[in-house]
Amino acid sequence: MAAILVAGFGVVVAVNFTMAGLAGSTFGGIVVENTYVASQKFNGWLDEAKAQEALGWKLVASRRPDGRVVVELAAAPAYPDVTAIARHPLGRQPDMVLTFVPDASGAYVSREALPEGRWTVRFTVEAQRQTWRSEQAIR
């Protein structure tokens with residue numbers, strides 16, 4: 001009976017340590033550095049989001065077979081400056097800065113190829129002293 005009790009608790013403890021180790025190794029990091037400071041800035045972020053939404057700009061991003069990211073903009077002024085930061089959702093790969101150049105079709109293509117996998121890409125579009133941001137998942 002003692003052996004069964006020890007073995008049962010041993011399994012529970014082993015599973016707990018295994019799951020805690022896996023959870024710690026796959027956590028991608030923090031969302032904000034300081035939650036108090038973020039809470040103080042929250043209303044300002046909402047105001048910026050409303051102003052950005054009023055611009056009416058739209059962005060659709062996709063990955064080409066060669067790994068480069070293609071961005072199609074709608075309702076944005078001509079000749080915007082498009083940049084992005086690609087982050088791996090689990091932090092397993094370092095962040096990548098992407099710069100974009102216009103192509104013949106009017107879309108913007110990244111100079112850098114994005115490695116295979118799932119990425120969260122935060123785009124910044126600047127034109128006529130206005131800044132617009134968007135975030136999209138790219139696979």
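User: How do I read the sequence range of contacts here, and what share joins residues at least 24 apart?

Analyst: Start with the term: contact means heavy atoms within 4.5 Å. In the protein chain, among contacts between residues at least 6 apart in sequence, 52% join residues at least 24 apart. Keep in mind that this is a predicted model, where local features need pLDDT of at least 70, side-chain atom pairs count only at pLDDT 80 or more, and totals for chains, interfaces and linings use all residues. Residues are numbered from 1 along each chain as its sequence is written, and side-chain values use heavy atoms, with hydrogens and water left out.

User: What does the radius of gyration say about the protein chain?

Analyst: The radius is taken over C-alpha atoms, and the globule rule is 2.2 Å times the number of residues to the power 0.38. For 139 residues, a compact globule would be near 14 Å, while this protein chain has 22 Å. The C-alpha trace spans about 80 × 40 × 20 Å along its principal axes.

User: How much of the protein chain counts as buried?

Analyst: Buried means under 20% relative accessible area, exposed over 50%, and partly exposed in between (1.4 Å probe, protein chains only). By that rule, 24% of the 139 residues are buried. As for surface, the protein chain exposes about 9,900 Å², with 59% of it supplied by carbon and sulfur atoms; such areas come from the Shrake-Rupley method with a 1.4 Å probe, and for residues only the protein chains shown count as cover.

User: Which residues touch the most other members of the largest nonpolar core?

Analyst: In soluble globular proteins, nonpolar side chains tend to be buried together. A nonpolar core is a set of buried Ala, Val, Leu, Ile, Met, Phe, Trp, Tyr and Cys residues joined through side-chain atoms within 4.5 Å. The largest one here has 20 residues, and Val69, Val71, Leu98, Phe100, Leu114, Val121 and Phe123 touch the most other members. Elements giving two or more residues to this core include strand E2 (68–74), strand E4 (96–102) and strand E6 (119–127). E6 gives the most, with five residues. To see one member up close, select Phe100: leaving out residues up to four places away in sequence, Phe100 touches partners including Val69, Val71, Tyr108 and Phe123.

User: Is Thr124 buried or exposed?

Analyst: Thr124, in strand E6, is buried because its relative accessibility is 18%. Its contacts, not counting residues up to four places away in sequence, are Asp81, Val82, Thr83, Thr131, Trp132 and Arg133.

User: Where do Tyr79 and Gln128 lie?

Analyst: Both are worth a look for their backbone angles. Tyr79 is in the loop between E2 and E3, and its phi is near 55°, a positive value in a residue other than glycine. Tyr79 counts as exposed because its relative accessible area is 77%. Gln128 sits in the loop between E6 and E7; though not a glycine, Gln128 has a positive phi of about 50°. With 63% relative accessibility, Gln128 is exposed.

Methods. Helix = DSSP H or I, 4+ residues; strand = E, 2+ residues; numbered from the N terminus.
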